[in-house]
Amino acid sequence: MAISNIDRWILQGPINIPYVPVCSKSYAHRAILLSYLTGRRTILRNFTLCDDTEVTLQALYSSYERKGDALVLDPKHRILEGRHRRIWVGESGSTLRFLIPILAQKEGITFSGTPTLLQRPLQYYEELFQKEGLLWEKREDHLLIGGPLRQSMYHVPGRLTSQYISAMLMASIPRGDWEGFSLTFSPDASRQYIAITLDVMKAFGVEYGNQKTHVKEMKQTMEYVLPEDASNRAFYEALAKMGGVKEPLPEGEYGEQKDGIFRQWIEEEKDQYNLRDTIDLAPVMACYFASIGKRVRLTGIENLIYKESNRLEEIGRVLRAFGRGVSIYEDSLVVTGGRIARPKPIQLHLTDHRMVHGSLLLAQNHGKPVILTGVSSLKKSHRELYDILQRRNHGISIR
């Protein structure tokens, strides 16, 4: 497999980088969608662009404006219903799952993306569309759907992913003469993401109660400050503990994100952590504790199999590549701890942005050269860090 120069890092020793925060991808995604659905001019402050939010913007708006750290969205630039559309969503499973019920229209929409995108679970939507007799044609390289959804009431089970619940909550918002639909849902393992959705909806004047969404009258221009991404912040917290961040980290604001507890957790260094509401912390936690040689058990992580990759398997693959012991179970993993007597040079291909974070932590004190390919996957959520490591030579040789 040919690897481009921009997709490979050769780590010759520990890194030491500046702290550059990014906005929460989860909050930014939902704020962009709420701006589109409510038709309000929106100013999102503390906005940083990543691959996922970029494809969502391109799907919903013909143009948008950047002013410093702000993203300005004008309702006149919304791409509204019309003739058959083709939408590229890249590697963003969240974009795909959010847009399917929101954009479904009788003229039909085709979604396409990277080769692995349509391998990710869409069972809830497939069953829903087929039950209503709506168009659903899934192929290796695209998904063709036709709508709109017609039922007055829907139920979303929470056993798979909270993104279905968040998407249907936003899709139920009344628009124009359409009164929306009623919605019930079951508790989900990833409750923080439902809380984030409801938090952003409320900020945009949309509230969910008695199984319905209701839109309040608000001023026409909506200004909203996005919190910092707590999952990416966890990487910096771990790296700082290992001496890899140049300056002390400031306090963070995370909104409804539960991942902000990471700083407390790594100070405690307990033997077991339940990640049921903080599942995105699993890669950083597993790799950090492995890198310092501590045995730890992470539970409540069964939904990791529904991420960009089967992230549970990927954590195990990366840890083993670095010579670290790990045991994986259906809903948990155990990092067995201990030190490596004779570390070896490593070459490792990555496809998941969270595993780039994890690999950087493992390489920090590995003691031998580490070659990472597929590192451009980091741009999915953390373009700023990717750019820093590309431009600067902090113990990293870029070829």
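Biologist: Which residues have the most contacts inside the largest nonpolar core?

Modeller: This is a predicted model. Its largest nonpolar core has 63 residues. Helix H1, residues 25-38, gives the most to this core, with 8 residues. The residues with the most contacts inside the core are Ile100, Phe111 and Met168.

Biologist: Leaving aside neighbours within four places in sequence, which residues is Ile100 in contact with?

Modeller: Contact here means heavy atoms within 4.5 Å. With neighbours within four places in sequence left out, the partners of Ile100 are Phe111, Leu122, Tyr125, Phe129, Trp136, Leu143 and Ile145.

Biologist: What is the order of the strands in the open sheet that includes E5, and which strands stand at its edges?

Modeller: The sheet has 4 strands with mixed pairing, in the order E5-E6-E8-E7. A strand with a single partner has one side left without a neighbour in the sheet, so it stands at an edge. Neighbouring strands are turned by 15° against each other on average, direction ignored. The edge strands are E5 (85-88) and E7 (136-138).

Biologist: In which sense do E5 and E6 pair, and which residue of E6 is the bridge partner of Ile87?

Modeller: E5 and strand E6, residues 109-112, are joined over 4 bridges in the parallel sense. The bridge partner of Ile87 in E6 is Phe111.

Biologist: Which helix packs on this sheet, and what angle does its direction make with that of E6?

Modeller: The helix is H3, residues 93-103. H3 touches E5, E6, E7 and strand E8 (143-145). Its direction makes an angle with that of E6 of about 175°.

Biologist: Is Thr42 buried or exposed?

Modeller: Thr42 is found in strand E2, residues 41-45. A residue counts as buried under 20% relative accessible area. Thr42 has 0% relative accessibility, so it is buried.

Biologist: Which backbone oxygen does the side chain of Thr42 reach, and at what distance?

Modeller: Leaving aside neighbours within four places in sequence, Thr42 is in contact with Ser35, Leu71, Val72, Leu73, Phe204 and Met222. Its side chain also reaches a backbone oxygen, that of Arg40, at 3.0 Å.

Biologist: How do E2 and E4 run, and which residue of E4 is the bridge partner of Ile43?

Modeller: E2 and E4 run antiparallel and are joined by 3 bridges. In strand E4, residues 70-73, Ala70 and Val72 point one way, Leu71 and Leu73 point the other way, and all are buried. The bridge partner of Ile43 in E4 is Val72.

Biologist: Which residue in the hairpin of E3 and E4 takes a positive phi?

Modeller: Strand E3, residues 65-67, runs antiparallel to E4, with 3 bridges between them. Lys67 has Ala70 as its bridge partner in E4. The hairpin has 2 residues between the strands, and the residue with a positive phi, near 60°, is Gly68.

Biologist: How many residues of helix H7 are buried?

Modeller: H7 covers residues 230-241 and reaches 16 Å from its first C-alpha to its last, close to the 16 Å expected at 1.5 Å a residue. Its buried residues include Arg233, Ala234, Phe235 and Glu237. They pack against helices H8 (262-268), H9 (282-291), H11 (353-364) and H12 (383-391). H7 is mostly covered, the buried count being 10 of its 12 residues.

Biologist: Which residue caps the N-terminal end of H7?

Modeller: The cap is made by a side-chain oxygen that lies 3.0 Å from the backbone nitrogen of Ser231. Just after H7, Gly243 takes a positive phi of about 80°. The residue that caps the N-terminal end is Asp229.

Note on methods
Residues numbered from 1 in each chain as written. Predicted model: local features only at pLDDT ≥ 70, side-chain atom pairs only at ≥ 80, totals over all residues. Heavy atoms only, no water. Core = buried A, V, L, I, M, F, W, Y, C linked by side-chain atoms within 4.5 Å. Buried < 20%, exposed > 50% of the residue type's maximum accessible area, 1.4 Å probe, protein only. Expected span 1.5 Å × (residues − 1). Polar contact = N/O pair within 3.5 Å; in protein donor to acceptor, adjacent residues only side chain to side chain. Pairing = 2+ DSSP bridges. Axes fitted to C-alpha atoms, helices over the stretch in contact; angles between N-to-C directions.
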